[in-house]
Amino acid sequence: MSEEERPLNLPIVEPGESGYGSAGEGTRAVHTPRPAPPAQVPVGLPTYRTSTFEFETAQQYADVLGDREGGYTYSRIDNPTADAFALGVAALEAHGCDRTVAAQPFASGMAAISTVLLTLCAAGKHVVAPAAAYGGTYGVLEHILARFGVDRTYVDGTDVEAVRAAITDRTAVVWAETIANPTTAVADLPALAAVCTEAGVPLVVDSTFASPAVCRPLAWGADLVVHSATKYLGGHSDVTGGVVAGDVDLVARVRRARVDLGGSLAPDEAFLLHRGLATLPVRMARHCETALAVAEALAGHPGVERIDYPGLPGHPQHELAGKLFDAGRYGAVVTITPRSAGRGGGRDAGLRLCDGLRVARVATSLGGVHTLVSHVASTTHRQFDDAALAAAGIPPAAVRFSIGLEDAEDLIADIAGALDRLT
Ligand SMILES: *Cc1c(COP(=O)(O)O)cnc(C)c1O
């Protein structure tokens with residue numbers, strides 16, 4: 001084949017031109033030739049599956065590592081695929097916000113949460129958090145920060161006056177959750193932000209249950225928003241990740257702590273999470289529409305004791321949710337408490353409701369395409385006895401549904417059938 005006819009991208013090696021020429025087999029195998037970075041911008045996000053980056057000069061390496069020049073040195077520090085995911089979240093969370101927003105990617109929601117808490121807290125400081133905080137967050141506060149001299153006060157997250165009263169001159173963080181697990185209580189973010197601004201304390205919001213396609217806490221005055229990206233951002237139950245977005249100076253401090261603590265997001269996971277962002281609004285619209293249909297259809301079922309869902313008019317923060325959330329979207333976690341048939345103080349009814357489902361799966365986690373259920377008292381809140389459950393407003397029979405992307409009619413029939421079989 002003559003040179004003129006040769007297709008441009010035919011990878012070839014001329015005789016005697018095998019990269020390192022006369023070097024040994026090992027050297028030639030390690031230092032194989034590579035195509036130049038393409039001039040055309042890839043439409044899909046490239047996965048920079050590398051732990052390290054090379055430099056033309058030792059001085060450049062020193063300058064990038066020393067933050068005097070932008071760039072990449074080592075993927076625990078920064079990785080372009082992970083940064084693409086963080087940039088995407090920053091853009092979504094910044095909508096409607098009058099401040100510049102930065103973000104940082106993490107290996108899990110708990111890596112994000114623990115890094116934020118370790119960034120903001122120090123010995124002698126104090127944290128105000130909701131009594132119903134996510135179990136892992138509670139664990140970091142009680143099992144880790146407590147050992148380092150950080151005090152904690154837990155309050156009803158929907159009671160803004162209780163939060164105000166709990167803040168002291170040592171308070172370093174006020175923690176909130178947009179939608180609480182499993183009660184679906186909605187936090188009054190603008191009122192909490194006003195209290196925090198007055199006290200000069202950062203407000204950090206775990207908005208995992210909402211996602212930026214339902215609510216954007218930064219626009220309501222929060223300083224930082226954190227997500228378990230494992231849930232709606234990834235959206236397919238096939239990746240673990242986390243993210244922190246918010247005030248640029250705070251996020252720069254969070255980045256430095258992430259680099260030291262090491263909970264950085266891997267490039268392959270970042271690829272999947274970034275891909276999830278593109279369909280987040282479409283998935284979330286459908287998740288929310290189906291969740292509302294399920295909640296409305298089953299609210300009157302004779303086997304139902306109560307349904308907790310912010311989209312129902314009887315929910316204590318229904319109006320607040322209407323104000324804080326995007327129109328018609330109330331999230332997709334629906335907590336259904338079956339009427340207790342007597343046995344096991346209600347716990348048994350919850351377990352049996354789960355076991356009677358055929359479309360919904362019994363599994364941990366939420367936010368994916370499959371409808372997943374967990375019996376709250378025996379899973380996410382297994383450390384709570386009946387008195388502690390009552391104090392947290394969780395009936396022993398409550399079952400948390402993460403409504404997926406199946407058809408609403410199929411889910412309604414599935415749940416109604418399982419409820420019918422309870423009696
Ligand atoms: C799942 C979850 C977390 C923890 O995230 P991981 O990705 O599992 O580490 C934190 N907060 C909330 C509200 C969650 O649902």
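**Helix on the sheet.** I started with α7 (189–199), which lies across β4 and β5. Against β5 (203–206), I get α7 running at about 155 degrees. I keep in mind that this is a predicted model.

**The sheet itself.** Next I traced the strand order. I read an open sheet of seven strands, β1-β7-β6-β5-β4-β2-β3, with mixed pairing. Which strands stand at the edges? They are β1 (101–106) and β3 (151–155); each has a single partner strand, so one side of each is left without a neighbour in the sheet. Ignoring direction, I find neighbouring strands turned by 20 degrees against each other on average.

I then looked at one end of that order. Strand β2 (residues 126–130) and β3 run parallel, and five bridges join them.

The peptide bond between Asn181 and Pro182 is cis, with omega at about -5 degrees. I place Pro182 in the loop between β4 (171–177) and α7, the helix I began with.

Ser237 is not a glycine, yet I see a positive phi of about 55 degrees there. Ser237 belongs to the loop between β6 (224–228) and β7 (242–247). Buried or exposed? For Ser237 I have to write "partly exposed", because its relative accessibility is 43%, and exposed would need over 50%.

Ser365 is another non-glycine with a positive phi, here about 80 degrees. I find Ser365 in the loop between β10 (361–362) and β11 (372–375).

**Two domains.** The domain assignment gives me domain 1 (63–274) and domain 2 (280–420). Their C-alpha centres lie 26 Å apart. I count 31 residues from domain 1 and 36 residues from domain 2 in the contact.

How much area do domain 1 and domain 2 bury between them? I have about 2700 Å², with 64% of it on carbon and sulfur atoms. On the domain 1 side, I note that Pro182, Val214 and Tyr232 supply 26% of the area buried against domain 2, more than any other three residues.

Last, I checked for charged pairs across the interface. The count between domain 1 and domain 2 is one salt bridge. I also noted the salt bridge of Arg216 with Asp326, where the closest N and O atoms are 2.9 Å apart.

How values were computed
Residues are numbered from 1 along each chain as its sequence is written. This is a predicted model: local features need pLDDT of at least 70, side-chain atom pairs count only at pLDDT 80 or more; totals for chains, interfaces and linings use all residues. Side-chain values use heavy atoms; hydrogens and water are left out. Helices (H or I, at least four residues) and strands (E, at least two) are DSSP runs, numbered from the N terminus. Buried means under 20% relative accessible area, exposed over 50%, partly exposed in between (1.4 Å probe, protein chains only). Two strands pair if DSSP finds at least two bridges between them. Axes are lines fitted to C-alpha atoms, for helices over the stretch in contact, and angles run from 0 to 180 degrees between N-to-C directions. Contact means heavy atoms within 4.5 Å. Domain bounds come from an automatic or database domain assignment. Buried area is the accessible area (1.4 Å probe) that two parts lose on being put together, summed over both. A salt bridge is a side-chain nitrogen of Lys or Arg within 4 Å of a carboxyl oxygen of Asp or Glu.
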